[in-house]
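Here is a short report on one protein chain. Keep the structure in view as you read.

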Amino acid sequence: MSTQHIDVAAGCLPTHQLLNVDGKRIPDEELDHYLKDLKEADLADFLRDMVVLRRMDNEATALQRQGQLGLWAPLLGQEAAQIGSVRATEADDFIFPSYREHGVAWARGVKAEDLLSVWRGAQASGWDPNEVNIACQQIVIGSQALHAAGYGMGIKFDGGKQVSVAYFGDGATSQGDVSEAMVFAASYQAPVLFFCQNNQWAISEPVHLQSRTQIADRAHGFGLKTWRVDGNDILAVYAATKAALNHARNGLGPTFIEAVTYRMGSHTTADDPTRYRKSEQLEEWKAKDPIDRLVKYLHEMGADVQSYEQRAQNAADDLAAKLRAAITTMEDPKVEELFTNVYAEKHEPTERAAKNYLDYLADFEGGE
Amino acid sequence: MATTMLKALNKSLHDALDEDEKVILLGEDIGTLGGVFRVTDGLKSKFGEHRVVDTPLAESGIVGSAIGLAYRGYRPVVEIQFDGFTYPAFDQLVSQLAKLHYRSRGRVKMPVTVRIPYGGGIGSPEHHSESPEAYFAHTAGLRVFAPSSVEDAYSMLRQAIDCDDPVIFFEPKRRYHEKSTAELLAPTPDGSPKAKIIRPGEDVTVVGYGPTTYTLVDAAKAAEDEGTSLEVIDLRTLDPLDIDTVAESVKRTGKLVVVHEASRTSGIGAEICAEITERCFDYLEHAPLRVTGFDIPYPPSRLESHHLPDLDRVMHAVDTVMRHNEATEGAAK
């Protein structure tokens, strides 16, 4: 099959873009309303978040190269999709992320070193889901969409006002669990937002291998209110997410957002994208960079961009230095943790296995 | 008054729904219909459609959404309609449900009960007669319950729902209509069920669970007529596996026969035989034997009587371990 000139069906949904690549504001009849409370200071915060996140991501890649992390999954290029969406949620909306949503977790208050500790292999998870209202990160593609659907069913059944949010990528839309999740959420009209970052690539597989229609059109077919947005346009992402959450909170049921973006880095640090994609494509997307675009818009607005950029840079430097120090001095977990939390309640075979192994290790201590 | 296992299970679910508003039932046809076996009969009309939830036909969806509900503080009890329909939910069971407590470092509890009517002997088509328990006993993080008696069906289901760990709860469907006059008692709060010696004996330890337990009691009665005394142990839980009770018995009898409907290779019987060989090697008078379903896909129902361990095959194994005993004694004389 040729990878050239693949015609993906144009679909029936428009792609919302509120900032074009030159940072010019494009009016949007449907979504502009959701930006009315955003002040210049909020945009400056968006800029800071994206700059810090990109720095954290680069630092993590460097730490992996230096042997400090076992693996890292870069999010380079997806900063607007992650920050724009998570900043639109309320703190008690519950999020079910995949393994690449570092920006989502970090924006909710998870420390960078706790995020990276999982990729170092020092911890099974980096945060308490009940503290930050984010589930453990999911590695099996798409499985978390069903957890989000179930959580949303619970909100519906107990009359809560929150929204359950599932994050996943274009590849995940081929998984049965994602389809089942949309069926369940639609059947019970549960307050669930399915947020798909279509970053064009599932490791080496281009998006047209997953879907010959626009992904957003598929969701539409499950009966979900759906938006397709430019995922590198933080205003479009933020506004569409606000609209979707609003829809759910008004009792109107589940929604779907396809944020069209691009994975500028590798799938993980173990991947080599030069084996499957052309550098021209990367260059094309660099021109659509989400951070550059917001900077251009701030200039358009006449804001003091230099001071905002300086502030963002300082925050990024600070985070990177602290992150590096924390990771390079992070202690390995104690061997007892092997057997801890396998079960919540007493489980004699696990206790016996732990005791046998620890006794075995103790035999060597201070030995011959 | 005699109660059937179906009624005991129904009452167990009823009482759990009644006592804890976070208990929620999910499954295909469990609401309006009351389940294809009627285990949930009448529960939707009493507790409402938000407590007894008819789901779309998607097993992964049922288990996966139960996980999401548990994240929100519910105690879901899901029904998989038949054993052979469990596998579409395999990822959600073994990679999600089983591992979330460990993955979250103990911060997220998964008090989810997965009810699975299992086993053969009811003349059904393919996928309606399987015994998939070994997959789940092999998976760390899951508990596996397999009651056999009417009283246990009630109390162990209550225990499963009360447990903060996920429990795969296997219901012996061909025994659904067994009756008992015993009182249905709420479980004691401490600990999970232990194996139980349901018929004491001296010559051979025979171990089973779920539907085969009844066959073992029949075998013990038949053996008694021939002058052989069988000690029958009902395992009740397959994880945790109560090897202590089995080992204590084998140390007295010196002989072990393990019986299950599931296939032989890498099954529960293999695990028990290995554990007993390690712990009771010096007490054993004969190699432990297994009487199991064959290593074949579940056969067409006109052949299932050959596949399922019956009284004759159990007695044959008992005779084998006893004959060796006689020969040894003869040589010693």
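## Burial and overall form

Of the 333 residues of chain B, 56% count as buried. Buried means that 20 or more other C-beta atoms, placed from the backbone, lie within 10 Å of the residue's own. The model is predicted: local features need pLDDT of at least 70 and side-chain atom pairs 80 or more, while totals for chains, interfaces and linings use all residues. Residues are numbered from 1 along each chain as its sequence is written, and chains are lettered from A and ligands numbered from 1 in the order written.

Chain B has a radius of gyration of 20 Å, which agrees with the value near 20 Å for a compact globule of 333 residues. That radius is taken over C-alpha atoms, and the globule rule is 2.2 Å times the number of residues to the power 0.38. The C-alpha trace of chain B spans about 70 × 40 × 40 Å along its principal axes.

## The five-stranded sheet

Chain B holds 12 helices and 14 strands. These are DSSP runs, numbered from the N terminus: helices are H or I with at least four residues, strands E with at least two. One open sheet of chain B has 5 strands in the order β9-β11-β10-β13-β14, with mixed pairing. Strands pair if DSSP finds at least two bridges between them.

In chain B, β9 (196-199) and β14 (289-293) each have a single partner strand, so one side of each lacks a neighbour in the sheet. Strands β10 (204-208) and β11 (230-234) of chain B run parallel, joined by 5 bridges. Gly208(B) has Asp234(B) as its bridge partner in β11(B).

Technical notes: Buried ≥ 20, exposed ≤ 12 C-beta atoms within 10 Å, placed from the backbone.
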